[in-house]
Amino acid sequence: MPYDPSTIEPRWQHFWERNKTFRTAEDPAKRKYYVLDMFPYPSGAGLHVGHPEGYTASDIVARSKRMQGFAVLHPMGWDAFGLPAENHAIKTGTHPALTTAQNVATFKRQLKSLGFSYDWDREINTTDPEYYRWTQWIFLKLFERGLAYEALAPINWCESCKTGLANEEAVGGVCDRCGGPVVKRNIRQWILKITAYADRLIEDLDGLDWPESVKTMQREWIGRSEGARVIFDVAGSAERFEVFTTRPDTLFGATYCVLAPEHALVEKITSSAQRAEVDRYREETKRKSDLARTELSKEKTGVFTGAYAVNPATGQQVPIWIADYVLASYGTGAIMAVPGHDDRDHAFATRFRLPILEVVKGGSKPVAEEPYSGDGVNVASGFLDGLPSSEAKRCMAHWLETQGKGVRAITYKLRDWVFSRQRYWGEPIPLIHVEGIGVRAVPESELPLRLPEVERYQPTGTGESPLAAIDSWVNIKDPVTGRPAKRETNTMPQWAGSCWYYLRFKDPRNEREAWSQAAERYWGSVDLYVGGVEHAVLHLLYSRFWHKVLFDLGLVSTKEPFQKLVNQGLILGEDGEKMSKSRGNVVNPDDVLKEYGADAFRLYEMFLGPLEAVKPWNTRGLEGPYRFLQRCWRLLHEESRDGDKFLGVSDGPIADPAAARKLHQTIRKVTEDIDKLRMNTAISALMELQGVIADVPAPRPRALVEPFLLLLAPFAPHLAEELWSKIGHGESLAYAQWPVFDPALCTEDSVEYAVQINGKVRARVTVPADAGEDAVRAAGLAAPEVASQLAGKTPKKVIVVKGKLVSIVL
RNA sequence: GCGGGAGUGGCGGAACUGGCAGACGCGCGGGACUUAGGAUCCCGUGGGGCAACCCUUGAGGGUUCAAAUCCCUUCUCCCGCACCA
């Protein structure tokens with residue numbers, strides 16, 4: 001029988017399962033290592049080849065760390081609440097729990113067939129009441145801390161999903177999930193005060209070993225701006241309004257103000273002459289989707305209100321306009337416009353012929369032509385004249401504060417997290433509304449608050465979830481006062497379950513608490529977190545927020561949940577395009593496995609290129625790793641007509657010093673490469689070593705074969721186990737000791753130097769590795785090709801680079 | 001527009017801190033074994049030239065004994081953000 005993954009692989013998968021090889025426990029004698037994959041949403045389509053990329057990388061790390069003596073936590077679970085299962089239920093009437101269970105079974109079978117070393121005893125599912133019980137419990141902690149509040153607020157509403165969305169899910173006015181348009185709608189909401197943690201969410205990024213791009217995305221999403229709020233009085237009225245500006249130094253150049261069309265003051269200050277036009281504009285704005293409103297190319301629009309404000313610095317009256325380029329939801333919903341020094345204000349002022357003043361010197365053109373938004377020196381600014389921008393800012397902020405006309409202020413782009421979904425398939429929010437009293441938490445003893453059975457999953461579209469239709473569930477008595485009460489009928493967003501799953505993995509079967517303190521302490525932060533970059537500002541921001549709240553409550557011992565983050569790059573289709581059903585370029589891992597086996601699949605995905613890079617799939621490329629595995633097989637087998645003959649191994653030392661050297665160099669390289677997640681170059685090194693071992697006559701020395709198999713094991717665990725057992729080991733190699741290299745054995749005893757003359761390689765000389773610089777120089781100059789080129793001339797300069805080359809300059 | 005990343009053989013990709021560009025693999029060419037080969041093994045494989053040699057890391061310039069790597073200019077592609085005052 002030649003190398004046959006279809007018999008080897010299931011055998012070892014059963015072996016691992018039967019023996020619970022990868023079951024993990026806290027072990028005070030060992031150092032811990034927590035390596036986590038972002039758990040998947042178990043969709044109906046099953047795994048595609050993108051999933052196993054990150055999973056394979058983390059599995060290689062987990063397996064090698066185990067062999068290096070770490071207690072390794074490497075779990076897997078299911079992020080199973082969410083819309084697809086619910087939409088399927090609406091169409092077919094199948095309960096989402098049933099669909100979810102089927103999908104989970106498929107995913108699990110596929111993951112097992114890839115030989116991942118998960119501790120399946122720790123499997124969790126966010127839709128399991130024993131899990132969401134604790135999701136609800138954490139929500140109550142937030143509620144108790146005043147971090148959850150109810151509000152009737154204009155929020156992002158997806159027309160096709162018929163649910164409200166968080167800001168993070170509606171980027172660019174488009175629904176993150178379905179791509180449909182998002183409109184503003186006033187809906188009663190539960191909202192989490194993530195903004196209270198904005199500064200810490202920024203500051204603590206500094207200590208994390210994350211891709212710089214993800215940190216930048218989070219910083220920009222939080223969008224901290226320092227500046228001042230400035231009070232403008234409305235001329236001839238007792239009304240006043242505040243604006244937020246990052247450039248208080250330009251206040252002398254504020255020649256008009258703009259309110260967001262939705263601003264409450266608009267109603268009161270609009271003059272009767274302007275009333276009709278203002279009303280028309282506000283109506284128009286309301287109808288515009290966010291998408292249309294943020295359309296960048298559009299010319300700015302706006303309407304004069306007929307009212308004037310008083311510039312607190314100049315005392316002059318400036319017109320108040322409304323325009324949709326000012327957002328109601330940011331800052332104070334009102335701005336002072338400084339057209340001389342702001343691009344947007346400049347465009348607006350030009351269009352509506354509003355005055356443009358220069359108050360900061362530094363631009364290359366007159367401000368009437370081109371705004372200058374950089375720093376400079378103040379002019380035409382009264383007491384600020386002559387001050388550089390940074391000082392002028394400070395000076396003006398101070399002046400505003402002493403005059404009672406403003407205060408220093410910080411504003412964030414980040415909004416509080418809209419946490420309600422008007423859908424069925426999510427965690428019920430464990431709150432009740434008691435008549436005459438208000439909102440009360442469901443007692444912890446009553447958790448989990450189970451999702452009731454419903455007849456119709458159809459979202460109502462009215463802003464109520466399908467739960468609202470179940471009278472028996474909704475209408476209850478307040479357990480404290482006995483008064484009539486109604487249950488909260490909104491459910492939580494899908495992000496809730498994933499906000500803390502990494503904590504539950506530490507103690508997944510705990511029935512008394514979400515996790516024990518001992519388990520939490522032992523496993524600490526996730527040491528390596530592997531997943532897609534698409535969660536950069538969603539899951540990764542939300543779970544950091546929850547984690548910090550839990551930290552403040554003394555429930556977790558670290559400030560941050562994920563110490564090191566790696567984003568695997570997308571695998572494209574063979575056509576170089578993103579894999580998608582509609583393009584028909586989706587590769588199904590089941591098909592690949594059938595033909596080449598899991599080991600070849602794993603090797604191939606890792607060999608493709610750097611983990612983080614986007615790279616195209618090429619099914620033909622699988623031949624390389626597959627052939628490599630066959631060659632590994634043949635290190636111990638001889639092919640013959642009636643099946644392969646096992647060759648065994650020989651005892652005694654490695655006779656060939658070159659082979660020993662290659663072995664130790666490879667141990668070093670593979671160990672380092674796994675550490676840096678450079679799996680592609682590690683595999684290349686293993687291929688080279690295989691070639692060297694193949695040149696040693698059979699039976700090949702155990703001393704050479706064993707370490708090779710151990711190095712191979714994290715990458716191709718099935719074949720490695722098979723061969724390991726064939727050379728006489730009764731136990732799995734999963735905990736065998738990782739090979740250690742001997743630095744002395746890594747060094748060559750002679751080195752080839754390239755000899756360059758004027759930068760061109762003209763000769764090669766081989767010199768003993770311990771030769772000194774002078775000896776190397778002499779050997780280089782003595783090379784016959786060099787002597788003829790020199791033709792008796794004396795070189796101007798000779799440079800010796802140790803171990804590399806001799807450079808002769810004529 | 002702003003921010004980030006990347007351009008290396010026919011293809012995926014290697015190259016430590018500036019030190020022999022093209023590791024490893026795919027593909028391709030030749031050969032061996034074979035009834036057969038789309039299996040396996042061996043040899044070759046950046047381009048040009050009979051050769052000595054010359055050219056080659058998106059393009060152009062520079063620094064250096066030496067540049068894929070550092071500096072300047074420029075082009076292209078990918079990702080993120082996008083009226084946030």
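A residue is near a molecule or strand here if one of its heavy atoms lies within 4 Å of it. Of the atoms of RNA strand B that come within 4 Å of the protein, sugar and phosphate account for 59%. Before you go further, note that this is a predicted model, in which local features need pLDDT of at least 70 and side-chain atom pairs count only at pLDDT 80 or more, while totals for chains, interfaces and linings use all residues. Residues are numbered from 1 along each chain as its sequence is written, chains are lettered from A and ligands numbered from 1 in the order in which they are written, and side-chain values use heavy atoms, with hydrogens and water left out.

**Stop 1: polar contacts with the RNA**

Polar contacts are pairs of N or O atoms within 3.5 Å; within protein, one must be able to donate a hydrogen and the other to accept it, and residues adjacent in sequence count only if both atoms are side-chain atoms. Pick Arg627, where a polar side-chain atom lies 2.6 Å from a phosphate oxygen of RNA strand B. Next pick Leu327: one of its backbone N or O atoms lies 3.0 Å from a base nitrogen of RNA strand B. Then go to Ser807, where a side-chain N or O atom is 2.8 Å from a base oxygen of RNA strand B. Which elements give two or more residues to the surface near RNA strand B? They are β9 (240-245), α20 (623-634), α22, β30 (750-757), β31 (760-768), β32 (797-801) and β33 (805-809). Helices (H or I, at least four residues) and strands (E, at least two) are DSSP runs, numbered from the N terminus.

Colour that surface by class and you get 19 nonpolar, 11 polar and 18 charged residues. Ala, Val, Leu, Ile, Met, Phe, Trp, Tyr, Cys and Pro count as nonpolar, Asp, Glu, Lys and Arg as charged, and the others, Gly among them, as polar.

**Stop 2: along α22 and beyond**

Select Gln690 in helix α22 (residues 679-694). Is it buried or exposed? Gln690 counts as buried, at 3% relative accessibility; buried means under 20% relative accessible area, exposed over 50%, and partly exposed in between (1.4 Å probe, protein chains only). Leaving aside neighbours within four places in sequence, Gln690 is in contact (heavy atoms within 4.5 Å) with Phe628, Arg631, Cys632, Leu635 and Phe708.

Now move to Pro699, in the loop between α22 and β29 (700-701). A cis peptide bond joins Ala698 to Pro699, with omega about -5°. For another cis bond, select Leu447 and Pro448, where omega is near 0°. Pro448 is in the loop between β19 (438-441) and α13 (471-474).

**Stop 3: an open sheet**

Show the four strands of the open sheet with the order β6-β5-β7-β17, paired antiparallel. β6 (163-165) and β17 (417-418) stand at the edges with a single partner strand each, so one side of each is left without a neighbour in the sheet. Strands pair if DSSP finds at least two bridges between them, and β5 (residues 148-158) and β6 are joined over three bridges. Zoom in on Asn156, whose bridge partner in β6 is Leu165.

In the loop between β5 and β6, pick Lys162. Its phi is near 55°, a positive value in a residue other than glycine, and Lys162 counts as partly exposed at 32% relative accessibility.

**Stop 4: aromatic rings**

Rings of Phe, Tyr and Trp (its six-membered ring) pair if their centres lie within 6.5 Å; planes under 30 degrees apart count as stacked, over 60 as edge-to-face and the rest as tilted. By this rule there are 46 aromatic pairs. Select Phe81 and Tyr132, a tilted pair at 5.7 Å centre to centre with 45° between the planes. Both Phe81 and Tyr132 are buried. Then select Tyr529 and Phe562, a stacked pair at 4.1 Å and 20°. Tyr529 lies in strand β22 (residues 528-531) and Phe562 in the loop between α17 (539-552) and β23 (565-567), so the pair ties together parts 33 residues apart in sequence.
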